[in-house]
Amino acid sequence: MTRIAFIGLGNMGGGMAANLAKAGHDVRAFDLSPEALARAKAAGCLPAASATEAADGAEAIVTMLPAGTHVEAVYADLLPTLAPATLLIDCSTIDVATAKRVAESAHTHGATAVDAPVSGGIGAANAGTLTFMVGGSDAAFERAERILSDMGRAVIHAGANGTGQAAKIANNMLLGATMVATCEAFLLAEKLGLDAQTFYDISSVASGQSWSMTSYCPVPGVGPDTPADHDYQGGFATMLMLKDLKLAAAAAADTGADTPMGAKAAELYQRFADAGQGGLDFSGIIKMLRG
Ligand code: NAD
């Protein structure tokens with residue numbers, strides 16, 4: 001059993017903190033939202049009145065916050081108060097530069113930090129089946145892995161601090177681009193007179209196959225049960241995909257990487273969000289492409 005502070009108990013953090021409590025850890029939880037805090041209490045966590053109160057005496061602190069600015073603000077409060085060697089695990093999806101900066105600051109204060117963003121949505125957070133991509137030293141990874149494995153089924157060491165976030169945004173840029181391309185391919189096949197199921201049967205065992213097609217098919221009634229079968233409700237919201245594509249675009253600009261497909265995907269998801277569809281699953285972009 002480890003004493004763990006958990007900060008940020010929203011859609012993702014709520015289920016993750018509950019799984020840590022279920023695994024027998026002593027979880028001290030904090031969120032600005034009283035409702036989120038009440039849900040964490042019902043799930044077996046001990047609510048705290050502030051992030052610093054939750055972190056007091058904790059061996060590890062997990063954060064699951066909306067963006068880099070939130071992580072930076074919470075770390076600025078926490079770092080001066082931490083016992084040496086406290087392990088900080090940030091599971092939020094944030095920009096690589098901030099991830100590196102907060103880790104450096106943590107190390108300056110004698111703490112150990114890893115970035116550990118996740119793949120998998122709210123369902124996986126609740127079920128404890130997330131994939132974690134971890135950036136940090138070998139020793140920090142070993143410590144983090146013991147905690148993260150109680151919230152997920154895969155914990156992968158990506159490299160030094162920041163590389164977890166790099167893996168996350170590169171992966172999601174690929175996902176955004178392949179989803180748009182998969183939607184386009186179904187629509188072209190349809191215009192050419194091909195039935196969607198027939199195109200799926202062929203392409204899913206041919207060279208066009210991808211996760212977007214065979215695990216997350218954007219066409220209702222084709223392939224496994226996906227958000228398409230529920231009018232694009234649930235799943236991975238368009239605004240979260242757009243957030244990740246913007247992080248990828250910023251990282252590409254910072255590093256001079258040429259990512260025209262990622263940029264096009266960002267532009268299309270921006271249009272879809274601007275049309276008021278930001279809450280729909282990202283595979284719902286097929287509706288916009290259909291016209
Ligand atoms: P969310 O908005 O549901 O939850 C964030 C929580 O953080 C909220 O409850 C909010 O009150 C709390 N919060 C904000 N500032 C705080 C502070 N200073 N102190 C304490 N609590 C604070 O967001 P989410 O969907 O849970 O996503 C969290 C992170 O996970 C994001 O970075 C997101 O990009 C990433 N992510 C989300 C999904 C998904 O499907 N939702 C999937 C993968 C990754």
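**View 1. Strand E4 pairs with strand E5 in the parallel sense.** Four bridges link E4 with E5 (residues 87-90); two strands pair if DSSP finds at least two bridges between them. Strands here are DSSP runs (E, at least two residues), and helices are runs of H or I with at least four, numbered from the N terminus. Look for Val62: its bridge partner in E5 is Ile89. This is a predicted model, where local features need pLDDT of at least 70 and side-chain atom pairs count only at pLDDT 80 or more, while totals for chains, interfaces and linings use all residues. Residues are numbered from 1 along each chain as its sequence is written, and side-chain values use heavy atoms, leaving out hydrogens and water.

**View 2. E4 also pairs with strand E1 (residues 3-7).** That pairing is parallel too, over four bridges, and Phe6 has Val62 as its bridge partner in E4.

**View 3. Domain 1 (3-160) and domain 2 (166-290) both give residues to the shell around the ligand, so the ligand lies between them.** These bounds come from an automatic or database domain assignment. The ligand is surrounded by 22 residues, and the closest include Asn11 and Lys243; a residue is near if one of its heavy atoms lies within 4 Å.
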